[in-house]
Amino acid sequence: MFFASDNAGPVHPKVMERVIAANTDYAMPYGKDPIMDEVRTEIRRVFEAPEAAVYLVATGTAANALALACYCQPWQTIFCSEVAHIHEDECNAPEFYAGAAKLTVIPTDDKMTPESLQAAITARTAGDVHSAQPGPVSITQVTERGSVHSLEELRALTDVAKTHELPVHMDGARFANATEALNCTAAEMTWKLGVDVVSFGGTKNGCMGVEAVVFFDPAKAWEFELRRKRGAHLFSKHRFLSAQMAGYLQGDLWRETAQQANANAAYLAEGLRKAGAEFLHAPQANMLFPRFPRAIHRKLHEAGAKYYLWDGPLDGPEDSLLAARMVCDWSISKEQIDQFLSQF
């Protein structure tokens, strides 16, 4: 009954098989391994972007921070949602890697809107030496509240950015879950809508620890290589990053595991609805925010369930409604979900 995070699940056997297979003989370090050639080819296929520059790092924070730094000068500001991972959960890493550039946080409890983004950008006086200059726009897909931007919503945001000639970054830690939720291609959700660079997540969806940074403008390649090395994120035994991503891409496993995770969340959400739970945000991918009485939360915790309480402590009035954050990964079984629901 583990719903704390998709970070906590096991590595998919097919990914692990590729890692084990890579652990033989010798391979050139620092991304010169032959498996990385396979990864580049596959990611370019997946994104329908034959000229894309593709790089691997071990963490989502590194992927986001280094990618944004390539598009942001120290005197600029990055526009993002108030609940974006780069704002809430990365300990100022984007600001650090971008030379102390600031974040302009757009107030929202979930998605940015084109209107709020437009207002935030125009509030910055471009050309005024006393003001932080407008910089990249960062969009989280899936959002940190479990919502998925539709293609139309993404287009509306990128249109605002492009009107102001600003680059667009996509934090795709749960990129696969979003493409499955929208039943679209990777290209349709990125460069075809005006996204310039994407963090293509693997860790939350069956990998051990690997994220790809995909630049649709290969002119950014050399800068990223320098920033990755300077930032201490260039792995020596890079083949073990390459092997994970190769296994993740092979046979479109990345879509299969995302489909499983989303289906698990949908099954859990349906059971919670039948049990009378409310939702802070409509479930769309693999992250849920249900609300139900504190007494049931206490019972679930006593039974060994793992998830995060969202808006209050476990101690308090039994009948008070208390929200939770629950995330499903690919590996959770229906039996585990049924065991969880049986506590209601």
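A: **Salt bridges in the predicted model**

Of the 344 residues of the protein, 56% count as buried, where buried means under 20% relative accessible area, exposed means over 50%, and partly exposed lies in between (1.4 Å probe, protein chains only). This is a predicted model, in which local features need pLDDT of at least 70, side-chain atom pairs count only at pLDDT 80 or more, and totals for chains, interfaces and linings use all residues. Residues are numbered from 1 along each chain as its sequence is written, and side-chain values use heavy atoms, with hydrogens and water left out.

The protein contains 13 helices and twelve strands; helices (H or I, at least four residues) and strands (E, at least two) are DSSP runs, numbered from the N terminus.

Side chains of opposite charge can pair when their charged atoms come close. A salt bridge is a side-chain nitrogen of Lys or Arg within 4 Å of a carboxyl oxygen of Asp or Glu. A search of the whole structure finds 16 salt bridges.

One of them joins the side chains of Arg174 and Asp6, at 2.9 Å from N to O. Arg174 is in the loop between strand S5 (168-172) and helix H8 (175-182), while Asp6 is in the segment before helix H1 (13-22), so the pair ties together parts that are 168 residues apart in sequence. Arg174 and Asp6 are both buried.

Another salt bridge is formed by the side chains of Glu180 and Arg255, at 2.6 Å from N to O. This pair also links distant parts of the chain: Glu180 belongs to helix H8 and Arg255 to helix H11 (residues 253-274), 75 residues apart. Glu180 counts as partly exposed because its relative accessibility is 23%. Arg255, by contrast, counts as buried because its relative accessibility is 18%.

A further pair lies within one helix. The side chains of Arg227 and Glu223 meet in a salt bridge of 2.9 Å, N to O. Both residues lie in helix H9 (residues 221-230), where Arg227 and Glu223 are four residues apart, about one turn of the helix. Arg227 has a relative accessibility of 25% and therefore counts as partly exposed. Glu223 is partly exposed as well, with a relative accessible area of 26%.

Finally, salt bridges can be considered as a group. Glu42, Arg45 and Asp252 are linked in a network of salt bridges.
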